[in-house]
Amino acid sequence: MHETGAAPPDGRRERTQERPVLAADNVVQRFGGIAAVDGVSLSIGRGEIVGLIGPNGAGKTTMFNLLAGAMSPTAGRVLIGGEAVEASPAHRRITLGLGRTFQIPKPFPNMSLVENVMLGRQNQAGERILPNWIMPGRVAREEKETYDKAMALLDFVTLTHLARQPAKVLSGGQRKLLELARVLMADPSIILLDEPAAGVNPSLLEVIIDRIVEINRRGTTFLIIEHNMDMIARLCSHVFVMATGKLLCEGTPEAVAADPRVIEAYLGGGHLL
Ligand SMILES: Nc1ncnc2c1ncn2[C@@H]1O[C@H](COP(=O)(O)OP(=O)(O)OP(=O)(O)O)[C@@H](O)[C@H]1O
């Protein structure tokens with residue numbers, strides 16, 4: 001807990017009671033006889049940064065995929081801004097404001113950074129054949145706007161100097177920053193981050209944390225799956241802990257790290273923070 005007036009670490013804020021921007025209601029995902037996710041409910045308020053943690057095999061990645069639309073649950077509901085989307089594919093969820101990054105980003109290696117970021121745009125007239133014939137001026141204008149926005153986002157993620165280089169020149173951490181820029185092209189209201197710290201060197205990790213805080217300040221909500229508890233503690237006001245497919249507990253990073261059930265699930269008696 002922070003004293004009134006004291007600055008919280010990085011992006012941390014109090015939980016909001018507003019209508020959730022993303023929610024799961026009793027979600028189940030079975031693979032044969034295994035319930036990888038077994039009746040999980042969670043709710044994320046607008047403007048929050050929340051974490052999803054748990055030991056290996058807890059069901060985090062499966063839950064993430066169910067929220068992002070990579071798969072539909074065996075049972076239960078997923079809601080974006082109150083709209084039920086559990087049967088909707090990922091692209092439909094993107095149009096409702098949900099963006100996601102991948103644990104191992106795979107940009108098109110021979111395309112430039114700016115071209116890769118431009119691919120994150122939504123509903124461009126130039127992507128449809130007819131407008132190219134009947135409204136070439138509008139298509140060219142939108143193309144220019146898309147390019148300018150992609151360049152501004154590359155600047156935001158500190159990659160301007162590499163904008164025209166092929167994506168294959170990037171380090172693991174730079175790929176994560178490129179991925180963030182690509183996701184931001186669609187102006188998401190919530191971004192799901194899959195292990196943003198994995199494989200990233202400490203100095204670039206600071207850049208990534210700083211950019212997440214800034215994006216959040218501008219109003220975007222985040223759900224972060226992460227094994228790096230330091231990053232979770234710095235960013236997240238609220239953490240959901242999964243173990244063996246279920247939601248084990250939830251609370252502030254400090255509260256869950258001190259929870260004996262969490263310690264038991266992770267380490268059999270050690271400390272998380
Ligand atoms: N496609 C699949 N088919 C069968 N079983 C799966 C599949 N995906 C996940 N599982 C199983 O579901 C359980 C949860 O896996 P999941 O990858 O969601 O856990 P996790 O918490 O993300 O683990 P980690 O931190 O190691 O990535 C595991 O027992 C896993 O073997």
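The model is predicted, so local features need pLDDT of at least 70 and side-chain atom pairs count only at pLDDT 80 or more, while totals for chains, interfaces and linings use all residues. Residues are numbered from 1 along each chain as its sequence is written.

Me: What makes E1 and E2 paired strands?
Reply: Strands (E, at least two residues) and helices (H or I, at least four) are DSSP runs, numbered from the N terminus. Two strands pair if DSSP finds at least two bridges between them. Strand E1 (residues 20-31) and strand E2 (residues 34-45) are joined by nine bridges and run antiparallel, so they meet the definition. Across this pairing, Gln29 stands opposite Val37 in E2. The two strands form a hairpin with two residues between them, and Gly32 in the turn has a positive phi of about 60°.

Me: How do you know that E1 also pairs with E4?
Reply: Five bridges link E1 to strand E4 (residues 75-80) in the antiparallel sense, and the definition asks for at least two. In E4, Ala75 is the bridge partner of Val28.

Me: Why is a set of 70 residues called a nonpolar core?
Reply: The term denotes buried Ala, Val, Leu, Ile, Met, Phe, Trp, Tyr and Cys residues joined through C-beta atoms within 7 Å. Buried means that 20 or more other C-beta atoms lie within 10 Å of a residue's own, against 12 or fewer for exposed and partly exposed in between, with C-beta atoms placed from the backbone. The largest such core has 70 residues, and Leu67, Val117 and Met242 are among those with the most contacts inside it. Helix H6 (residues 172-184) supplies its largest share, six residues.

Me: What makes Leu67 and Leu192 a contact?
Reply: Two residues are in contact if their C-beta atoms, placed from the backbone, lie within 7 Å. Leaving aside neighbours within four places in sequence, Leu67 is in contact with Leu22, Ala24, Val78 and Leu192.

Me: What makes Lys60 one of the residues around the ligand?
Reply: A residue is near a molecule if its C-beta atom, placed from the backbone, lies within 6 Å of it. Lys60 belongs to this group, which also includes Phe31, Gly54 and Thr62. Helix H1 (60-68) and E2 each give two or more residues to the shell, and H1 gives the most, with three.
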